[in-house]
Amino acid sequence: MKTLIKDVYVVLPDGTTPLTNIMLDGNKIAAIGEVPEDFRPGKIIDGKNHLATPGFVNAHTHTSMTLTRSYADDMALMEWLNDKVWPIEAKLNEEDIYWGAMLAMVEMVRSGTTTFADMYGPYMNRVAEATLDAGIRGVLCRGIIGVAPDGEKKLQENVELYKEFHGANNGRISVMFGPHAPYTCPPEFLKKVSKAAQDLGAGIHIHMHETRTEVEDSLKQYGKRPFAWVEETGIFDNDHVLAAHCVHLDDNDIEIIKKHKIAVAHNPGSNMKLASGFAPVPRLLKEGVVTALGTDGASSNNNLDMLEEVNLAAMLHKVNEYDPLAVPAFEALKMGTEYGAKAVGIDNLGRLEAGAKADITLWDMNSAAWFPRNNLVSLLVYAANSSSVDTVICDGQVIMENNELKTLDEERIFFEAQRCAERLTK
């Protein structure tokens, strides 16, 4: 079906925001500009007083961790994982995984996210089902902990997830391999993951250098920083590698990232809350590293609001670098859209232009934060919040319109998520 978004302000790839029209043909943007006489839309969306941006790409999250939101806060990472998160996750069943993911879907759609990269535990097939039900894009992997007694089983589950769901729903779902981190996946195990992923042509999604302790422990155990010895396992030889966090990097780490064209998922909210430190984002951007944004899980953030991450990315590095130009507003927005699409390996996504995938968020500018309208990108990044999201389109399908969800039963999802969380935490 052809769709016309009429009289809308559009954030174009060059950062300008003209008042114009967006024409969709199926799941692609057919054109932006004047509407030709022979364009016959089956649906017209009134874009008056709205801003159109690409849908956000959450390049690193753990969707079903919504069930542990507010369960364990104000703790250091390893204490948080060992004493709180991993024990409760050991009790998760497939219903918990599904309803936790569905709660995440509601939150992501309502805040303008149309693509997410998820790494989590068992029953990732249920996350895939939730993604199908919501109608958004999911880049999924089974989080694999190699030091666990069933590490080999977890690896095989990732293989099965790939075979069952990679390319599903007209390509809206893709699958990567998810070795959790260097401190949970020893060198010999990472070699097995690398081979399994390469045999299938799959990408790799891994946590790297999240904390100073992780780097210090690696130096004690291996005599090398994690990036140095992980490179020797072949994990980075995969065509597509996404490294989450990358907070503590030295010159050699960055050279490895550049050499293997590794994409980085920066998680400012989670890094701040867990006191992990400041990733060298301005330098990564300057040196041409694809640097995207992620929320991390709702247990360490504690929300899945990508506009908040865009704002934090723009603000955090200014104060850390003592430089108001460190990450400008439009660059931060691209980190949450265009760079995110590159980071998760999806072509023709994250830009509003002819030929791109029709993943679009419309922001209602009828509120105080949107006046005066001196610069719409600035208003979005520095003044607005995600409550302005009004309409969300993914792959040409309207999944929220006029603030009404079209694919998700919000009331049922809230009830089921609360029921699951109460069983887990009692």
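Let's start with D253, which counts as buried because its relative accessibility is 1%. Here, buried means under 20% relative accessible area, exposed means over 50%, and partly exposed is in between (worked out with a 1.4 Å probe on protein chains only). Keep in mind that this is a predicted model: local features need pLDDT of at least 70, side-chain atom pairs count only at pLDDT 80 or more, and totals for chains, interfaces and linings use all residues. Residues are numbered from 1 along each chain as its sequence is written, and side-chain values use heavy atoms, with hydrogens and water left out.

**D253 and its neighbours**

- You'll find D253 in helix α9, which covers residues 251-259. Helices (H or I, at least four residues) and strands (E, at least two) are DSSP runs, numbered from the N terminus.
- Leaving aside residues up to four places away in sequence, D253 touches H209, R225, F227 and H248. Contact means heavy atoms within 4.5 Å.
- With R225, the side chain of D253 also makes a polar contact of 2.7 Å, side chain to side chain. A polar contact is a pair of N or O atoms within 3.5 Å; within protein, one must be able to donate a hydrogen and the other to accept it, and residues adjacent in sequence count only if both atoms are side-chain atoms.
- D253 and P226 are 27 residues apart along the chain, yet their C-alpha atoms are separated by 8.7 Å.

**Helix α12**

- Helix α12 runs over residues 306-321, so to speak a stretch of 16 residues. From first C-alpha to last it reaches 23 Å, close to the 22 Å expected at 1.5 Å a residue. That expected span is 1.5 Å times one less than the number of residues in the helix.
- Look at the start of α12: a side-chain oxygen of D305 comes to within 3.0 Å of the backbone nitrogen of L307.
- After α12 comes Y322, with a positive phi near 55°.

**Helices α2 and α3**

- Helix α2 (residues 94-110) packs with helix α3 (residues 124-134) at an angle of about 35°, and their axes are 8 Å apart. Axes are lines fitted to C-alpha atoms, for helices over the stretch in contact, and angles run from 0 to 180 degrees between N-to-C directions.
- The way α2 passes α3 is a right-handed crossing. A crossing is right-handed if the near helix is turned clockwise from the far one by less than a right angle, and left-handed if anticlockwise.
- On the α2 side, the residues that meet α3 are E94, E95, I97, Y98, A101, M102 and M105, while α3 brings R126, V127, E129, A130, T131, D133 and A134. Sort the residues of this contact and you get 8 nonpolar, 1 polar and 5 charged. In that sorting, Ala, Val, Leu, Ile, Met, Phe, Trp, Tyr, Cys and Pro are nonpolar, Asp, Glu, Lys and Arg are charged, and the others, Gly among them, are polar.
- M124 also lies in α3, and it counts as buried because its relative accessibility is 3%.
- Not counting residues up to four places away in sequence, M124 touches D118, L140, C141, R142 and L161. With R142, which is 18 residues apart from M124 along the chain, the C-alpha separation is 6.3 Å.

- T391 sits in strand β16 (residues 389-394), and its 1% relative accessibility is why it counts as buried. The side chains of T391 and D390 are joined by a polar contact of 2.9 Å.
- E401 belongs to strand β17 (residues 397-401); at 15% relative accessibility, E401 is buried too. Its side chain makes a polar contact with the side chain of K43 (3.1 Å).
- T391 and E401 touch each other.

- Most residues other than glycine have a negative phi, and most peptide bonds are trans.
- D7, not a glycine, has a positive phi of about 55°. D7 is in strand β1 (residues 2-10) and is partly exposed, at 37% relative accessible area.
- N170 isn't a glycine either, and its phi is positive, about 60°. It lies in helix α5 (residues 168-171) and is exposed, at 60%.
- N301 and N302 are joined by a cis peptide bond, with omega about 15°.
- Going from F371 to P372, the peptide bond is cis, with omega near -10°.
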